[in-house]
Amino acid sequence: MKIIACGSVPTIIAPEKYFTGRVLQTPIIEAEAPARLRATLVSFEPGARTHWHTHPLGQTLYVTSGAGLAQTWGGPVQEIRAGDVIWFAPGEKHWHGAGPKTAMAHIAMQEALDGVHADWLEAVSGEQYGS
């Protein structure tokens, strides 16, 4: 058993090369091999969002607060709210983030394949986001 004490893992400002707007990330778990799970609490300020990306083994989001948006490549932008669970299939190109006027936080859970949790792509344009 391993207990990670509350407050022992620092929150970071998410890197601009993967996100638009102010996003905070608080790691929850980075499981040791042979496990592959990574879980992070991600908090988006209004208008903030990920870039387009994929996950080799898929991704699950659990929205913990607020309301935001998510989209898969070629699909409509969809609203997500606190309590929603969103599943992206392996390799599914997508983005997610806050609404234009609402903050949103979610727990992002994904497994690594050969050490890779995500493949980051281009930024979501204002037109794609709807602003």
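**Entry: I13.** I looked up what I13 touches and found, with its neighbours within four places in sequence left aside, contacts with R22, V23 and L24, where contact means heavy atoms within 4.5 Å. I13 is found in strand 1, residues 12–13, strands being DSSP runs of E of at least two residues and helices runs of H or I of at least four, both numbered from the N terminus. I noted I13 as exposed because its relative accessible area is 55%; on this scale buried means under 20%, exposed over 50% and partly exposed in between, with a 1.4 Å probe and protein chains only. I also took the C-alpha separation of I13 and S43, which is 9.7 Å for residues 30 apart along the chain.

**Entry: conventions.** I keep in mind that this is a predicted model, in which local features need pLDDT of at least 70 and side-chain atom pairs count only at pLDDT 80 or more, while totals for chains, interfaces and linings use all residues. Residues are numbered from 1 along each chain as its sequence is written, and side-chain values use heavy atoms, with hydrogens and water left out.

**Entry: strand 4.** I went to T40, which lies in strand 4 and is buried, its relative accessible area being 12%. Not counting residues up to four places away in sequence, T40 touches Q25, T26, P27 and I28, and also H106, I107 and A108. R38 is found in strand 4 too, but I recorded R38 as partly exposed because its relative accessibility is 29%. With residues up to four places away again not counted, R38 touches I29, E30, A108, M109, Q110 and H117. The C-alpha atoms of R38 and E111 are separated by 6.0 Å, although the two residues are 73 apart along the chain.

**Entry: strand 11.** Is A105 buried or exposed? A105 is buried, since its relative accessible area is 7%, and it lies in strand 11. Leaving aside neighbours within four places in sequence, I listed L41, V42 and S43 as contacts of A105, together with Y62, V63, T64 and S65. For M104 I found, under the same exclusion of neighbours within four places, contacts with V42, S43, F44, V63, S65, G66, A67, G68, I80, G97 and A98.

**Entry: nonpolar cores.** Which residues have the most contacts inside the largest nonpolar core? They are V23, F44, I80, I86 and M104, in a core of 15 residues; a nonpolar core is a set of buried Ala, Val, Leu, Ile, Met, Phe, Trp, Tyr and Cys residues joined through side-chain atoms within 4.5 Å. The elements giving two or more residues to this core are strand 4 (37–44), strand 7 (59–72), strand 9 (85–88) and strand 11 (104–111). Strand 7 supplies the largest share, three residues. Apart from this core lies another, of five residues, among them W52, L69, W95 and V124.

**Entry: loops.** I checked the backbone at P34, which lies in the loop between strand 3 (23–30) and strand 4, and found that the peptide bond from A33 to P34 is cis, with omega near 15°. D114 lies in the loop between strand 11 and strand 12 (119–120), and its phi is near 55°, a positive value in a residue other than glycine. D114 counts as exposed because its relative accessibility is 77%.

**Entry: the whole chain.** I counted one helix and twelve strands in the chain, and from the N terminus on the elements run β-β-β-β-β-β-β-β-β-β-β-β-α. Among contacts between residues at least 6 apart in sequence, 68% join residues at least 24 apart. Buried residues make up 34% of the 131 residues. The C-alpha trace spans about 45 × 30 × 25 Å along its principal axes.
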